[in-house]
Amino acid sequence: MSEAGLNRRHLLTVATSVAGAVGVGFAAVPFLASWKPSARAQALGAPVEVDISKLDAGVMVRVKWRGKPVWILRRDAGMLEALPAVVSELSDPDSDKSEQPDYAKNATRSIRPEVLVVIGNCTHLGCAPIERFDVGAEDLGGDWPGGFFCPCHGSKFDLAGRVYAGVPAPTNLPIPPHRFIGDNLILIGDDTGVSA
Ligand code: FES
């Protein structure tokens, strides 16, 4: 082969190699991208940190975790006193049939008695109950001690998310995995190291 022919062949080889490398490069991007969690996946699955330092007693804050509404209520002294008073009216007062981590299967369904962390989906058909902290509300029977009310079909829950007997919702509101990572910092979706 002439020198010109050899040079041309070399050039073609180089050009093919470059094209091949670029091709691999393009092919590699989607492959690598598939291993990196998308922003949406992170939003749906990652633990959520919540600062409750400004949450007053008797007040609730809502956050989203894995697309679900999570409520954090800082119960005041009156709310805590109401918990044992309603036990006889509840369907699952000891949370035997309900969904919660072992460390929240107790009288307050919480790690710290004053801080309730609960998923705000009615266990009947998934509606969003509303907070009804107005003690003595006439539309809820007059002796209402405060809690949550689902307007869809009338299910009632106490201030620990425990369902009242005789309503459509079958179980207590679920408690998500969570832990305190500071005095006023809660991590929702991660309970590493928390025991009952
Ligand atoms: S969805 Fe809440 S009572 Fe039916």
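**Exercise 1.** Determine how many disulfides the model contains, and state which cysteines take part.

*Solution.* The count comes to 1 disulfide, a disulfide being a pair of cysteine sulfur atoms within 2.5 Å. The model is predicted: local features need pLDDT of at least 70, side-chain atom pairs count only at pLDDT 80 or more, and totals for chains, interfaces and linings use all residues. Residues are numbered from 1 along each chain as its sequence is written, and side-chain values use heavy atoms, with hydrogens and water left out.

Step 1. Cys-127 is joined to Cys-152, with an S to S distance of 1.9 Å.

Step 2. The link of Cys-127 and Cys-152 is left-handed, with -95 degrees about the S-S bond.

**Exercise 2.** Classify Cys-127 and Cys-122 as buried, partly exposed or exposed.

*Solution.* Buried means under 20% relative accessible area, exposed over 50%, and partly exposed in between (1.4 Å probe, protein chains only).

Step 1. Cys-127 has a relative accessible area of 22%, so Cys-127 is partly exposed.

Step 2. Cys-122 has 5% relative accessibility and therefore counts as buried.

**Exercise 3.** Describe how the buried residues of helix α3 are arranged.

*Solution.* Helices (H or I, at least four residues) and strands (E, at least two) are DSSP runs, numbered from the N terminus.

Step 1. Helix α3 covers residues 77-85, and Met-79, Ala-82 and Leu-83 are buried there.

Step 2. Seen down the axis of α3, these buried residues fall within an arc of 110 degrees, so they line one face of the helix; the arc is that of the directions from the helix axis to the C-beta atoms.

Step 3. The face turned away from the buried side of α3 carries the exposed residues Ala-77, Glu-81, Pro-84 and Ala-85.
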